[in-house]
Amino acid sequence: MTDSPDSVRKAELHAYVDGLLDPERRRAVAAHIAAHPEAARRVAAYERQKKALRALLDPVLDEALPRALRPPGAMRRRLHLAWAAAAAVLLVAGGAIGWQLRGLTQDGALADSDVPRLAAVAHTVFAPQRRHPVEVAANEEAHLVAWLSKVIGAPLRAPHLADLGYALVGGRLLSAPEGPAAQFMYEDAKSRRITL
Amino acid sequence: MLFRMPDVRHLIVDQIPHLRRYARALVGDRQQADDLVQDCLERAWSRMHLWTVGTNIRAWLFTILHNLHLNDARKRRNAPGMIPLEPGPGDPPVRPTQEDGLEFRCMWRAFSTLPEPQRAAILLITLEEMSYEEAAAVLGIPVGTLMSRVHRGRERLRSLIRESGDETAGDPS
């Protein structure tokens, strides 16, 4: 490259191609390119390289995430439920309980799921119900858990939230795009409800 | 602090496609690339507390990925009795459908012959549009070294394409 006083260093040709120059230097480099065919050829070549790499690799961004980057099978469904639980609890009870449940939601593959939203919808629909809030009441907890586990195809457990002041009301079967889902409802002494 | 975790997770999840793209370009093989991303995510989840809020989570994640990749490469080299595989990419990671597909395939073949440090530098800048400072930080090298890798890589690529293009394009240079 020529070394005139206003010479453009080779690094600046790259920065020009990469859009990393401030406006003033950008104008100077553009002028340099216009006056130097060799610089213009370089810049054109670098730009073609960028275009090719992006055309080849950008489609990866649109691929569905492979199973390997999500939790496997039954584990995944349980985690989905756990994530829904955390979402519903956070929604209603605030951060303290959410913090306790954080261990259940360590897997980020859940974040592309609809489950938190569906759990929130289910909560909104059923939590205010006074006469029929649940399908199976807490006095049949063993039956409830066995039934939901069977339908969902993974062992479930109604967590005990007594330490937090919440007693099990019961549960129900929900349908979600990915298949059956379960909802457990809890209530505290002031009749405030949370659902998992 | 209590409400920080879900946000961080979202930030991380947003980066998964980007990590996959970079890993795919770097190691070529799809499965191997996704394994690398998976390792990276596991490490990120378990070290989330080490990430400082407000700092660049992308750089943090890509740094983890890069270091894991280097470890993998080191292990492969040191494994006794194993044929040292050149982990460079083979086929184009995705099939180009555009009419300039041929040129792109050509470019990919040339690109895959570059030394890996040059490929990594070019990929971070080209695909992720990182600043030179950010890319240098991810790769753990000074900015000057990064610039020199980018320059040598792009120039090498240019000469390779020029050679192969002579027959068809009749480039006068």
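This is a predicted model: local features need pLDDT of at least 70, side-chain atom pairs count only at pLDDT 80 or more; totals for chains, interfaces and linings use all residues.

Reply: Residues are numbered from 1 along each chain as its sequence is written, and chains are lettered from A and ligands numbered from 1 in the order in which they are written.

The axes of α1(A) and α2(A), the latter spanning residues 23–35, cross at roughly 110 degrees and come within 10 Å. Axes here are lines fitted to C-alpha atoms, for helices over the stretch in contact, and angles run from 0 to 180 degrees between N-to-C directions. On the α1(A) side the contact uses A:Glu12, A:Leu13 and A:Tyr16, and on the α2(A) side A:Arg25, A:Arg26 and A:Val29; two residues are in contact if their C-beta atoms, placed from the backbone, lie within 7 Å. The contact of α1(A) with α2(A) divides into three nonpolar, no polar and three charged residues. Nonpolar covers Ala, Val, Leu, Ile, Met, Phe, Trp, Tyr, Cys and Pro, charged covers Asp, Glu, Lys and Arg, and the others, Gly among them, are polar.

Helix α1(A), residues 10–17, also meets α3(A): their axes come within 10 Å and cross at roughly 45 degrees. These two helices are therefore oblique to each other. Six of the residues in the contact of α1(A) with α3(A) are nonpolar, one is polar and three are charged.

The buried residues of α1(A) are A:Leu13, A:His14, A:Ala15, A:Tyr16 and A:Val17. Buried means that 20 or more other C-beta atoms lie within 10 Å of the residue's own, exposed means 12 or fewer, and partly exposed is in between, with C-beta atoms placed from the backbone. After α1(A) comes A:Gly19, with a positive phi near 65 degrees.

From α3(A) the picture extends to the other chain. Helix α3(A), residues 37–57, packs with α4(B), residues 101–112, at an angle of about 95 degrees, their axes 9 Å apart. α3(A) and α4(B) are therefore roughly perpendicular to each other. A:Gln49, A:Ala52, A:Leu53, A:Ala55 and A:Leu56 face B:Glu103, B:Phe104, B:Met107, B:Trp108 and B:Phe111 in this contact. The contact of α3(A) with α4(B) has eight nonpolar residues, one polar and one charged.

Chain B itself has seven helices and zero strands. Of its 173 residues, 35% are buried.

The largest nonpolar core has 50 residues, and B:Val37, B:Leu65 and B:Ala135 touch the most other members. Such a core is a set of buried Ala, Val, Leu, Ile, Met, Phe, Trp, Tyr and Cys residues joined through C-beta atoms within 7 Å. At least two residues of this core come from each of α3 of chain A and α1 (4–27), α2 (30–46), α3 (57–78), α4, α5 (116–126), α6 (132–139) and α7 (143–169) of chain B. Helix α1(B) gives the largest share of this core, eight residues. Leaving out residues up to four places away in sequence, B:Leu65 touches B:Leu19, B:Tyr22, B:Ala23, B:Leu36, B:Val37 and B:Cys40.

Another core, of 14 residues, lies apart from it, and A:Leu168, A:Ala181, A:Tyr186 and A:Ile194 are among its members. A:Ala181 sits in strand β3 (residues 179–187) of chain A and counts as buried, with 22 C-beta neighbours inside 10 Å. In the loop between β3 and β4 (193–195) of chain A is A:Ser191, which has a positive phi of about 65 degrees although it is not a glycine. With 8 C-beta neighbours inside 10 Å, A:Ser191 counts as exposed.

How values were computed
Helices (H or I, at least four residues) and strands (E, at least two) are DSSP runs, numbered from the N terminus. Angles under 35 degrees count as roughly parallel, over 145 as roughly antiparallel, 65 to 115 as roughly perpendicular and the rest as oblique.
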